[in-house]
Amino acid sequence: MRSPDPSVAADQPSASRNRLVLIVYTSAIFVSALLLFSVQPLFTKMVLPRLGGSPAVWSVAMVFFQSLLLGGYAYAHYLMQLRNRVIPVLVHLTLLALALVTLPLSIASGWGEPPTSGYAFWLLGLFAVSIGLPFFALAANNPLLQAWFVRTGHPNGPDPYFLYASSNIGSFLALLSYPVLLEPMFTLRTQNLIWSGGYGLLIVLIGACGLLLLRSPASAAVDVLAADSGGPAPGWMLRARWIFLAAVPSGLLIAVTAHISTDIAAAPLLWVLPLSLYLLTWVLVFQSRPLLPHRLMLLLQPLAISGAVILLALSGERNLLITLGGHLLCFFIIAMACHGELARTRPPAKYLTGFYVALSFGGMVGGLFSGLIAPYAFSWIAEYPILVALAVLCRPPAQQQPRSGSRWYWPLLAVLAVALIAPSHSTGKVVSWLVDNRVYVISAVAVAAMILATLLRIDRAKLAGIVILALVLVDVYPSDDGRVVTVRSFFGVHKIVITPNGQYHVLMHGTTIHGAEKFRNADGRPITGRPEPISYYHRDGGIGQAITAVRERKGAPLKVAVIGLGSGTLACASEPGETWKFFEIDQSMVDAARDPKYFTYIQNCEPDLKPVMGDARLTFAREPDGIYDLIIVDAYSSDAIPIHLATEEAMAIYKKKLAPQGVVLMHVSNRHLDLASVVVGIAQANDLKSWVYDEDSGRDDEYIFATNVVVSAREEADIGKLASSEKWADIEAEENQRVWTDDYSNVLGAVYRRLRDGEQ
């Protein structure tokens with residue numbers, strides 16, 4: 001009988017140990033990333049009610065998380081400069097244990113109500129005080145564990161970047177599982193407890209990683225790091241390029257999200273799509289054998305940049321799926337090219353933590369630009385075209401010598417720019433032709449850029465020049481009919497569109513109309529006197545009918561509260577002797593509604609109107625109990641909704657403020673969500689009956705639109721003649737539909753019901 005080979009027998013324990021090291025480290029990095037990216041939507045959802053459910057809360061949250069990621073990566077970098085292996089393990093486990101003591105997650109005391117301005121900085125402080133420590137500890141795990149893995153002596157130690165793919169797979173799954181599984185199934189409290197349990201499990205896994213590191217022979221780390229010592233340390237120019245390559249896609253992520261939710265389709269959960277693609281690019285580029293070769297992505301990048309320019313020229317809602325999918329595809333290719341360059345130029349394992357510090361610093365810079373600086377610097381989403389132009393500079397430098405005749409490139413480009421831009425400052429046939437054919441002209445310039453990049457291989461500076469020209473033309477010759485004024489604040493970008501003949505002034509948030517006023521008749525004569533409410537507020541619509549019915553039922557002047565000002569249309573729904581009080585969170589909306597250049601409802605109907613500023617969930621709760629005959633909730637911003645105004649607890653506040661026969665009216669018109677059933681449910685939970693109005697006026701050309709309205713009251717008699725109207729349906733809550741509360745909401749369910757039932 002043959003005896004086993006001693007050398008093979010000696011290798012077996014080593015092979016099994018290597019498997020154990022790989023499994024434990026991969027699991028720890030995966031769980032850490034899972035927790036890191038699930039805490040972001042979880043805690044952001046806890047914070048949203050403080051600021052009216054503004055989508056900008058997510059952008060600021062991204063800036064905070066990217067900034068703290070830099071702190072975590074820097075901490076890991078400096079910790080691994082220590083020669084002693086025991087100290088980094090003990091220090092990090094102590095940090096994790098201290099963070100565990102602060103769980104479960106909660107909003108820090110003293111941060112209940114935001115200030116009247118400076119929301120972004122207030123939010124950053126709230127995030128830092130509330131979850132700064134556990135997030136900081138999580139942020140350090142990825143580079144720290146990879147550095148430990150290098151020092152375990154594992155055969156894959158010299159190139160540990162495949163673990164970064166594992167990290168991003170965890171992030172990717174966390175991001176997708178939150179809206180699909182966690183949010184619909186669990187309350188916020190349960191989600192919080194599950195997350196805290198996962199954090200405890202992570203500490204055990206990291207403890208095991210530390211133990212495996214300490215039990216590894218010290219010579220293993222020396223051998224790996226010695227093998228890397230032959231190459232030079234990364235220079236500052238390379239580090240600066242890493243930062244730039246990380247900054248552009250990071251900023252582009254927030255810019256693309258803002259653009260598609262503002263100018264294409266403000267659908268709920270839309271932010272998931274670009275962020276998922278962003279994470280997917282990290283997974284793909286750091287694979288051992290990339291599924292999408294970097295050379296292919298560099299070849300496609302000029303096409304993607306040209307495509308983004310053409311899509312910006314098209315703009316608006318036309319071909320919704322094509323424009324939405326097109327922007328996301330272009331973003332994906334650009335991010336793949338940038339991140340692929342980072343993967344191609346990554347340093348040896350010895351300099352791993354410094355590489356990750358550069359990546360996180362670039363991510364923070366891009367996030368700061370798009371999330372904090374741009375909203376204050378620009379009145380529109382200008383950061384998107386700026387970052388598209390900067391993406392050109394992410395290409396590697398040209399390897400070949402300049403072609404003969406290239407010295408004429410810049411003078412010719414300057415002549416072309418003058419020929420195309422100068423007519424915009426004049427009138428005549430030339431400018432009319434350019435306006436009518438703007439898409440073709442801009443597309444021709446963009447296609448020229450693509451051809452020059454792919455066929456003639458011009459250098460990146462020349463390519464950037466022609467791309468910038470195309471993007472300037474997008475701004476010089478806008479696609480909107482009529483004049484457009486943009487107003488930007490923390491709460492989003494609003495557009496005031498003046499139709500070509502000056503007949504209507506229209507307030508839009510994203511692609512959703514939030515009010516309109518008729519300034520001229522069809523023959524061009526100006527409207528005089530008290531303006532008539534139109535859009536959703538016409539007297540024949542659901543809101544107008546409800547106001548009339550409550551007024552007739554009372555037989556006396558009404559006392560009304562309105563949550564959401566918009567263009568101020570409802571100011572002209574009041575009658576002499578009545579008291580109407582408005583609650584608004586966005587000062588820019590108040591300024592626009594008061595400006596007679598844009599809207600005259602307030603000037604003509606309620607000139608002394610002084611809205612109560614702040615989140616209505618907080619400000620309205622301070623109103624005296626039992627005084628309002630009618631409460632109108634009309635605070636939805638674009639098609640993204642402030643959920644905290646549509647919960648059981650919110651309805652309890654409204655009910656408490658109602659007079660004995662008072663009525664709550666909630667405007668729930670929405671293209672993407674079924675909100676009527678949500679309101680019926682929260683009303684029934686507060687012992688209120690509900691009636692639903694959902695009809696199309698058929699008068700869209702007059703800016704009088706279909707409305708979906710729910711009125712809720714204690715008794716049928718309280719709503720007057722609406723109770724006997726065939727247009728108002730007495731609805732009861734569905735038994736299998738869970739009531740929305742401050743602790744539970746299911747946006748995906750509302751989306752599903754809208755798709756299931758169709759738009760009525």
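This is a predicted model: local features need pLDDT of at least 70, side-chain atom pairs count only at pLDDT 80 or more; totals for chains, interfaces and linings use all residues.
Trainee: What is the overall make-up of the protein chain in secondary structure, and what share of its residues counts as buried?

Mentor: The secondary structure of the protein chain comes to 24 helices and 12 strands, and of its 760 residues 56% count as buried. Among contacts between residues at least 6 apart in sequence, 77% join residues at least 24 apart.

Trainee: Why are helix 4 and helix 6 called roughly parallel?

Mentor: The axes of helix 4 (residues 119-150) and helix 6 (residues 188-214) come within 12 Å and cross at roughly 30°. Angles under 35 degrees count as roughly parallel, and helix 4 and helix 6 are therefore described in that way. The crossing of helix 4 past helix 6 is left-handed.

Trainee: What makes helix 16 roughly antiparallel to helix 17?

Mentor: Helix 16 (residues 438-454) and helix 17 (residues 460-476) have axes that come within 9 Å and cross at roughly 170°. An angle over 145 degrees counts as roughly antiparallel, so helix 16 is placed in that class relative to helix 17. The contact of helix 16 with helix 17 divides into 15 nonpolar residues, no polar and one charged; Arg438 of helix 16 is among the residues that meet helix 17, as are Val441 and Ile442, while Leu463 and Ile466 are among their counterparts in helix 17.

Trainee: How do you know that Arg617 and Asp742 form a salt bridge?

Mentor: The closest N and O atoms of Arg617 and Asp742 are 2.6 Å apart, and the cut-off for a side-chain nitrogen of Arg and a carboxyl oxygen of Asp is within 4 Å, so the pair qualifies as a salt bridge. The pair links distant parts of the chain, with Arg617 in helix 21 (residues 616-619) and Asp742 in the loop between strand 12 (728-731) and helix 24 (747-757), 125 residues apart.

Trainee: Why is Arg539 called exposed, and which residue does Arg539 meet in a salt bridge?

Mentor: The relative accessibility of Arg539 is 55%, and exposed means over 50%, so Arg539 counts as exposed. The side chain of Arg539 meets that of Glu532 in a salt bridge of 2.7 Å, N to O, and Glu532 counts as partly exposed at 39% relative accessibility.

Trainee: How many salt bridges does the rule give in total?

Mentor: The count comes to 17 salt bridges. Another of them joins the side chains of Arg699 and Glu702 at 3.1 Å, N to O, with Arg699 partly exposed at 27% relative accessibility and Glu702 partly exposed at 32%. Elsewhere, salt bridges that share partners join Arg241, Glu341 and Arg344 into one network.

Technical notes: Residues are numbered from 1 along each chain as its sequence is written. Side-chain values use heavy atoms; hydrogens and water are left out. Buried means under 20% relative accessible area, exposed over 50%, partly exposed in between (1.4 Å probe, protein chains only). Helices (H or I, at least four residues) and strands (E, at least two) are DSSP runs, numbered from the N terminus. Axes are lines fitted to C-alpha atoms, for helices over the stretch in contact, and angles run from 0 to 180 degrees between N-to-C directions. Angles under 35 degrees count as roughly parallel, over 145 as roughly antiparallel, 65 to 115 as roughly perpendicular and the rest as oblique. A crossing is left-handed if the near helix is turned anticlockwise from the far one by less than a right angle, and right-handed if clockwise. Contact means heavy atoms within 4.5 Å. Ala, Val, Leu, Ile, Met, Phe, Trp, Tyr, Cys and Pro count as nonpolar, Asp, Glu, Lys and Arg as charged, and the others, Gly among them, as polar.
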